[in-house]
Amino acid sequence: MAPKRASEDGDPGNTAPVEGASENGRPVEGASAGRPSGESTGENAGPKNTGPKKAGPENAGPEEDENHTRARVKDDDSPARDDDSVLEKFRRKVRSRARTQPPTDTRPPASADRDDEPASDEPAGDELASDDWDDGLIARRVSEEEAAEQAAVMETRLSGTPAVTPLTYDGPLRSRLDALRELVGLSRTRLDSRTLAEAGRVLDEAAARRKLSGQHTVVAIAGATGSGKSMLFNALAGVTISETGVRRPTTAAPIACSWSDGAATLIDRLGIPGRLRRRPIQSPDASQLRGLVLVDLPDHDSAAVQHREQVDRVLALVDAVIWVVDPEKYADAVLHERYLRPMAGHAEVMFVVLNQVDRLPGEAAHQVLNDLRRLLDEDGIPLGDYGERGATVLALSALTGDGVGELREALGQFVAERGAAGRRISADLDAAAWRLRSVYSTGLRTGLSEEARDEFADRLADAVGATAAGEAAERAWLRNANRACGTPWLRLWRWFQDYSELPTGRGLRAPVDEEATARQRVEQAVRTVSERAVSGLPAPWAQAVREAAVRGAQGLPEALDELAGRAGTPQGRPPRPGWWPVAVLAQASMTILQVIGGLWLVAQIIGVMPPNIGAPVLLMSMGIVGGPGVELSSRLAARGPARRYGLEAERKLREAAAGCGRAQVLDPVAAELLRYREVREQYGQVLGTTVAVR
């Protein structure tokens with residue numbers, strides 16, 4: 001059966017009331033303020049009124065009918081054409097209602113006291129203005145601010161309005177939202193605001209939706225120009241609420257229809273003013289959709305840019321959407337590429353309705369419906385067939401009513417589940433997480449291996465000359481051993497050679513060249529370890545690791561130079577082994593034998609002692625041969641301790657260089673890698689899966 005047409009003639013008996021109407025479909029404002037609901041008013045006397053009937057649209061004379069005709073509004077956007085007195089009286093009535101007080105009426109009430117007075121044009125116009133305002137048409141004549149004020153007063157005047165129960169999310173969804181909030185907090189210093197904008201929007205919308213009613217489900221009807229979505233909207237409401245026609249675009253602004261009380265805040269969130277809020281006609285079918293808030297949207301392919309912007313804005317806020325397509329434009333690329341394909345993850349809160357099947361002959365409707373299913377499958381939208389989770393696909397005719405009952409039944413079951421809002425937030429969460437995948441996960445192994453750390457330490461050790469320092473320490477130990485255990489004549493000769501050598505200037509450029517080479521080695525070591533560290537990381541985190549390595553490398557060469565100066569130079573004399581004093585005593589004995597033999601021989605030559613060449617020569621020979629022998633033995637015995645001493649010096653310098661590089665480069669890099677590991681784990685919780693960070 002075709003829906004009833006909302007009265008435009010001031011008849012309140014078939015009115016599509018605004019949000020806040022009574023349960024019988026009539027506006028609450030039909031009764032005068034301060035009177036019981038069953039008492040007749042002065043503006044619309046009931047059967048018990050014994051006085052003459054007031055002039056009205058149904059029994060008015062020619063003059064009243066002319067006034068009534070002037071009071072009607074032919075188009076939503078047309079200016080008011082009533083006389084100023086009627087409009088001024090209506091404005092006074094709105095202001096008086098805003099003060100929650102009965103309006104002050106300067107005219108005497110319509111009662112038995114006025115039976116002797118003839119009906120005049122002014123009362124008829126006043127009553128007409130009241131009736132038209134009750135019908136929701138005269139409200140289009142005032143400004144949006146006055147209409148919104150009037151709608152707010154209507155909401156506050158409701159008696160017995162049920163308490164709104166806030167929406168509650170299940171445990172897994174709350175955990176995912178908390179993980180996303182933590183993820184955004186950890187990523188703000190590493191990712192730009194545009195990357196995190198979608199995640200922030202999902203968190204804001206989830207928090208805002210959670211504060212609103214959980215007993216209502218907001219469903220938007222969207223479609224292309226001429227698809228018949230407004231006609232379907234009216235068919236579900238049972239009354240003509242949204243205008244239909246051949247003029248395009250017909251729907252200029254979203255219109256909301258609520259099947260139960262308590263949905264005002266939800267509609268406020270959509271930005272729909274009070275003058276565009278309606279209630280369905282009361283019927284047995286209406287109770288089936290209790291809790292539904294249906295929103296008729298403008299055309300998503302409208303030539304007016306503001307219409308398309310309104311569609312995109314409202315679609316981001318509703319709990320579910322009914323896509324209405326027709327046999328001519330069901331394969332439209334704009335619909336599939338701009339809306340259906342990007343919203344493939346929202347299949348559980350999506351209805352796709354093929355309208356106008358009455359225009360298709362025979363089996364053509366089934367063929368078009370099957371082709372529509374094929375296109376949806378290509379878009380990646382799972383279909384809810386055979387009890388599976390997915391989009392509901394139906395074929396109907398809003399004009400003839402064929403299939404509308406099936407849609408109403410599916411909507412009733414969908415609303416009764418009270419889970420659309422949570423599923424919508426979960427789908428938004430999945431979409432936001434998928435968009436962030438490139439900045440959080442690559443599927444590759446990440447982190448610094450022990451091999452890379454050891455290679456970095458070796459490069460720094462080479463830069464500070466740890467090997468050369470160890471060899472220098474070894475030579476220094478051998479030199480000290482030779483000085484302590486060598487013959488005095490050989491040490492005297494070496495001292496003379498060192499003293500007689502003059503500086504030639506060679507090697508003056510060596511320290512400068514070595515310093516430049518050492519700095520280049522440090523920079524190369526830092527670049528190598530940073531490239532090893534960023535392997536497998538997403539681009540933002542790889543950039544953060546490189547920046548941390550560069551910051552640490554700025555003072556690293558100077559720190560290594562200072563460290564080499566402290567740790568590379570042995571402090572004091574090298575430690576002496578236990579055999580060293582014995583070797584020194586033996587060398588001194590050999591020297592004494594040489595001196596004694598020489599003095600004895602000189603004494604025999606000058607005649608102080610009797611001639612006996614054999615004894616002094618033997619003593620001198622023992623000292624001359626024994627001294628170098630002791631020196632050679634000491635040198636051979638000193639190689640082992642000298643080598644150990646050099647290795648120890650090299651080890652200390654390597655450890656010092658590695659510690660300096662670890663403090664200035666590796667630790668900051670490791671901190672960035674640890675932060676990435678944390679956000680990777682949080683990202684896995686957002687996805688609802690456990691992500692193994694390798």
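Buried means under 20% relative accessible area, exposed means over 50%, and partly exposed lies in between, with a 1.4 Å probe and protein chains only. This is a predicted model: local features need pLDDT of at least 70, side-chain atom pairs count only at pLDDT 80 or more, and totals for chains, interfaces and linings use all residues. Residues are numbered from 1 along each chain as its sequence is written, and side-chain values use heavy atoms, without hydrogens or water.

**Whole chain**

Colour by pLDDT, the predictor's confidence in each residue from 0 to 100. The chain mean is 74, and 68% of the residues reach 70 or more. Now select residues 1-84. Here pLDDT stays under 50, and the model has 148 contacts beyond four places in sequence for this stretch. A contact means heavy atoms within 4.5 Å.

Switch to cartoon. The chain holds 22 helices and nine strands. These are DSSP runs numbered from the N terminus: helices are H or I with at least four residues, strands are E with at least two. Of the 694 residues, 45% count as buried. Take the contacts between residues at least 6 apart in sequence: 77% join residues at least 24 apart.

**Leu 212**

Select Leu 212, in the loop between α6 (193-210) and β2 (217-223). Is Leu 212 buried or exposed? Its relative accessibility is 13%, so Leu 212 counts as buried. Show what surrounds it. Beyond four places in sequence, Leu 212 contacts Thr 165, Pro 166, Leu 167, Thr 265, Leu 266 and Arg 269. Draw a C-alpha distance to Ala 263 as well: 8.5 Å in space, across 51 residues in sequence.

**Helix α7**

Select residues 229-237. This is α7, mostly covered, with eight of its nine residues buried. Those buried are Lys 229, Ser 230, Leu 232, Phe 233, Asn 234, Ala 235, Leu 236 and Ala 237. Gly 238 follows α7 with a positive phi near 80°.

**The loop between β8 and α11**

Select Asn 355, which sits in the loop between β8 and α11. Relative accessibility is 2%, so Asn 355 counts as buried. What does Asn 355 touch, not counting residues up to four places away in sequence? The list is Ser 227, Gly 228, Val 324, Val 325, Asp 326, Pro 327, Leu 396, Ser 397 and Ala 398.

Go on to Gln 356, in the loop between β8 (350-354) and α11 (364-378). Gln 356 is not a glycine, yet its phi is positive, about 65°. At 13% relative accessibility, Gln 356 counts as buried.

**Arg 418**

Select Arg 418, in the loop between α12 (404-416) and α13 (420-435). Its phi is positive too, near 55°, in a residue other than glycine. At 32% relative accessibility, Arg 418 counts as partly exposed.

**Helix α6 against α13**

Show α6 and α13 together. Their axes come within 9 Å and cross at roughly 170°. Axes are lines fitted to C-alpha atoms, for helices over the stretch in contact, and angles run from 0 to 180 degrees between N-to-C directions. That makes α6 roughly antiparallel to α13. Angles under 35 degrees count as roughly parallel, over 145 as roughly antiparallel, 65 to 115 as roughly perpendicular and the rest as oblique.

On the α6 side, pick Glu 198, Ala 199, Arg 201, Val 202, Glu 205, Ala 206 and Arg 209; on the α13 side, Ala 421, Ile 425, Asp 428, Leu 429, Ala 432 and Arg 435. By class, this contact of α6 with α13 has seven nonpolar, no polar and six charged residues. Nonpolar covers Ala, Val, Leu, Ile, Met, Phe, Trp, Tyr, Cys and Pro; charged covers Asp, Glu, Lys and Arg; the others, Gly among them, are polar.

**Helix α22 and its partners**

Leu 429, Ala 433 and Trp 434 in α13 meet Tyr 683, Val 686 and Leu 687 in α22. The residues of this contact of α13 with α22 are six nonpolar, no polar and no charged.

Last, select α19 (residues 539-553) with α22 (residues 614-687): their axes come within 7 Å and cross at roughly 160°. The pair α19 and α22 is therefore roughly antiparallel. By class, the contact of α19 with α22 has twelve nonpolar, two polar and two charged residues.
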